[in-house]
Structure formats: C-alpha cells, structure tokens
Amino acid sequence: MIVVGLTGGIATGKSTVSNLLRARGVPLIDADLIARQVVEPGTPALDKIKAHFGDGVIQPDGTLDRKKLGTIIFNDEEKRRKLNGIVHPAVRWAMLWQVLRYWIRGNKYCVLDVPLLIEGPLWKMVGKVVVVYCSVELQLLRLMLRDNSSREDASSRLNSQLPIAEKVKYADIVIDNSGTRQELEAHVDALLRRLEQDAGWTWRLSWIFPLFMVVSAVATLFWRAIRRRVKDSRRGKKD
C-alpha cells in the first residue's frame, strides 16, 4: 500500500484537495482531527497534560481548555516542547493504526493530511510527498479575502511558516492550485491515476504477504533518504 503525505501552505488549498480526495472515496487520515481526538477526556495524552500543566487547563466538562493552554505555551519554548512531546507521539501512533486498518482492508493507497508534514519527521516516513502549491502573491490574496485581514497581517502569518517554495523541494508530486476549481479537480484526478499506476499489482503481494509489505516499506524509506541526501548535496554545491 502506498502511503501518501499531503501538505501545503496556508491558503494554498490543501483542505480543498483533501475534500476532493475524500469525495472520490480515497482513504484519508486527517492529522488535525486526530490531534483533537488524542486529547479527548479519558485519553492518556490528556492525563499527561493535566499532570504537567495542572487542573487549570481542564474545563469543567473535562475537556482541554485549548485557549488557556495556548496562553501558557505561547512564550515558553520549554513548555511548548513538553506539550509537543506528549501530543505528537500520540498522534503518530493513532495515524499508524489507521494506516494499518486501511492496509488490512486491502486499500491500494491512503493519504495522510498533515499541515506540518515537512516541518516534522513524518515526510521521511511516507512513500510519496504531495504538496499543494500556489504563488506567494496568490496565497496573500486568498488569505486576505478569507480572513478579511490586511496585507500586513496576512504577510506576517505567511512569514511565520515554512515558505511554500521550500516545501515544494520535498515533493514527489506538486498539485498547482493557481487556476480554477475545474483545473484543480483535473490535477486531483491525475494524481489518482498516477497512484493507481504506481500501485500496480504489487499491492496485492503486500496484502497477502505482510513480510513483503515490511521489506517494501523499508526499501522505500531507504531510497527516499538517499535521494534526499543527493538533492541536498547538489543544492549545497549550487549555493
């Protein structure tokens, strides 16, 4: 089974692409949704957050007070790292179990929708990286329209994130969302055709013989690491 990592930048249209994939019946794992689920009442992650940050971050109904927790970690890098150390492993394990469930069902591929795929280590653990792209100027315009914000505020938000051009460098496939909705749908359909082609017939072997799946996954990650080092080396020589 091909595990695809889907990412993009703010206002590039990643969520739109996710919805188009979901509408086409593609198995999709939403990292943001899982991040909320792993801190629901009764979960080990929420218990750890409560133990470290105190009862003050828990609302009367037992749910996490995200606003209060956000205030605590906003200007404290050490506390932010502690929170990430609690939440991120829980999210990764939950995503892994969902991937395994899709594999057991016999799916040819699944898509991980991860906003911070490149910023974290997850891009190294997927078979293909797909980046939804548009120009920075278009990002600004869309963000200003979406949030009714000034150009200065929109620029500030963009500058706080990894530039979309940097994310594209990690991509195996780039979906250009600079055009119309119809053009975007055509790009998504082209992506699915490519995934079908890449899956071929070998996905059946990984489903029937789990050892083949493990060997194939390790080989894929190994060659991804090698290709990444080669690209970085070539980029370093150019710079």
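Tutor: Let us begin with Lys-108, which forms a salt bridge with Glu-196, the closest N and O atoms being 2.8 Å apart. The term salt bridge is used here for a side-chain nitrogen of Lys or Arg that lies within 4 Å of a carboxyl oxygen of Asp or Glu. Lys-108 sits in the loop between H5 and E3, while Glu-196 belongs to helix H9 (residues 181-199), so the pair ties together parts that are 88 residues apart in sequence. Helices (H or I, at least four residues) and strands (E, at least two) are DSSP runs, numbered from the N terminus. Lys-108 counts as partly exposed at 27% relative accessibility, and Glu-196 also counts as partly exposed, at 35%. For these words, buried means under 20% relative accessible area, exposed means over 50%, and partly exposed is in between (1.4 Å probe, protein chains only).

Before going on, please keep in mind that this is a predicted model, in which local features need pLDDT of at least 70 and side-chain atom pairs count only at pLDDT 80 or more, whereas totals for chains, interfaces and linings use all residues. Residues are numbered from 1 along each chain as its sequence is written, and side-chain values use heavy atoms, with hydrogens and water left out.

By the rule above, the count comes to 15 salt bridges. One of them joins Lys-14 to Asp-113, with 2.6 Å between the closest N and O atoms. Because Lys-14 lies in helix H1 (residues 14-23) and Asp-113 in strand E3, this pair ties together parts that are 99 residues apart in sequence. Lys-14 is buried, with a relative accessible area of 10%, and Asp-113 counts as buried at 4%.

Being 3 residues apart in helix H5, Arg-80 and Glu-77 are separated by about one helical turn. Arg-80 is partly exposed, with a relative accessible area of 25%, and Glu-77 counts as partly exposed at 42%.

Elsewhere, salt bridges that share partners join Arg-24, Arg-181, Glu-185 and Asp-189 into one network.
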